[in-house]
Amino acid sequence: MDPALRRVAERRLVQALRRLHRREPLRSEVRLDAVLEEARAMPPARSPRHRGSARLVAGDAELLEVLDGLIAGGKVVRRGRRVRLPDHEPTLSPTMRARVDRLLDGLRAAGTVPPRADGIAARLGVPPPVLQALRDSGELVSVAPGIDYPRDVWERLSARLEALAASGPLTVARVRDDLRSTRRHAEALLAQHRARRRARRRGGGAGESRGVRSRRRGG
């Protein structure tokens, strides 16, 4: 690869990775293909050899070769098919953390019948990637499309469902009446509870729901 193009590619790959980290601050690593896609989608960068802008004209094999050089030089860290910048730590900025806390507090205040998290997030300025990262990390447990509970709320509800199960058969009507929820929310909670119990019997196998898997990974 031409040295000038290599330098452009190096800068573009690092910038792409930095942008992806900003976009999904709770995700520790990024897929290789996402980095290549982001690098190509970025506005043209200036080449040190030419005035004006230089487009990133390189195939995947060439970009991966450049990325390997960045990894060898310690500018990028790789684990399997995923990479990250050395100084990246999964975290939120203080401003975004405050918005997320307001989102979680709003859901907690709604008890067993929370409104759609997406709507609250949009009003508070929490972008969809951050909302999804909260679900992936287990800080937010999604029991059904449009129904999310903060992890501590889900843990309390799960404990209550365990207690109900110990005193009689779990039915949607019984869960709804005990938790004072809607039928839709009761159905979702009961389905999540049953999925969790099945996963426990299988030792946390493939049938475990995303919320429960993520919560176990996130601690």
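Visitor: Which residues does leucine 67 touch, not counting residues up to four places away in sequence?

Guide: In this predicted model, leucine 67 touches Leu13, Leu32, Val76 and Val83.

Visitor: Why are α1 and α3 called roughly perpendicular?

Guide: Helix α1 (residues 3-23) and helix α3 (residues 60-72) pack at an angle of about 75°, their axes 10 Å apart. Angles of 65 to 115 degrees count as roughly perpendicular, and therefore α1 and α3 are given that description. On the α1 side the contact is made by Arg6, Ala9, Glu10, Leu13 and Val14; on the α3 side, by Leu63, Glu65, Val66, Leu67 and Leu70. These contact residues divide into seven nonpolar, three charged and no polar.

Visitor: How do you know whether histidine 21 is buried or exposed?

Guide: Histidine 21 is in helix α1. Its relative accessible area is 6%, and buried means under 20%, so histidine 21 is buried. Leaving aside neighbours within four places in sequence, histidine 21 is in contact with Arg27, Ser28, Val30, Val83, Arg84, Leu85 and His88.

Visitor: And what makes arginine 180 count as buried or exposed?

Guide: Arginine 180 lies in the loop between α8 (172-179) and α9 (183-201). Its relative accessibility is 75%, and the cut-off for exposed is over 50%, so arginine 180 counts as exposed.

Visitor: What phi does arginine 180 have?

Guide: Arginine 180 has a positive phi of about 55°, although it is not a glycine. Most residues other than glycine have a negative phi.

Visitor: How do you know that strands β4 and β5 pair?

Guide: Strand β4 and strand β5 (residues 147-150) are joined in the antiparallel sense over four bridges. Pairing needs at least two bridges, so β4 and β5 pair. Leucine 140 stands opposite proline 150 in β5. The hairpin of β4 and β5 has two residues between the strands, and glycine 146 takes a positive phi near 85° there.

Visitor: What makes strand β4 mostly covered?

Guide: Four of the five residues of β4 (residues 140-144) are buried.

Definitions and conventions
Residues are numbered from 1 along each chain as its sequence is written. This is a predicted model: local features need pLDDT of at least 70, side-chain atom pairs count only at pLDDT 80 or more; totals for chains, interfaces and linings use all residues. Side-chain values use heavy atoms; hydrogens and water are left out. Axes are lines fitted to C-alpha atoms, for helices over the stretch in contact, and angles run from 0 to 180 degrees between N-to-C directions. Angles under 35 degrees count as roughly parallel, over 145 as roughly antiparallel, 65 to 115 as roughly perpendicular and the rest as oblique. Contact means heavy atoms within 4.5 Å. Ala, Val, Leu, Ile, Met, Phe, Trp, Tyr, Cys and Pro count as nonpolar, Asp, Glu, Lys and Arg as charged, and the others, Gly among them, as polar. Buried means under 20% relative accessible area, exposed over 50%, partly exposed in between (1.4 Å probe, protein chains only).
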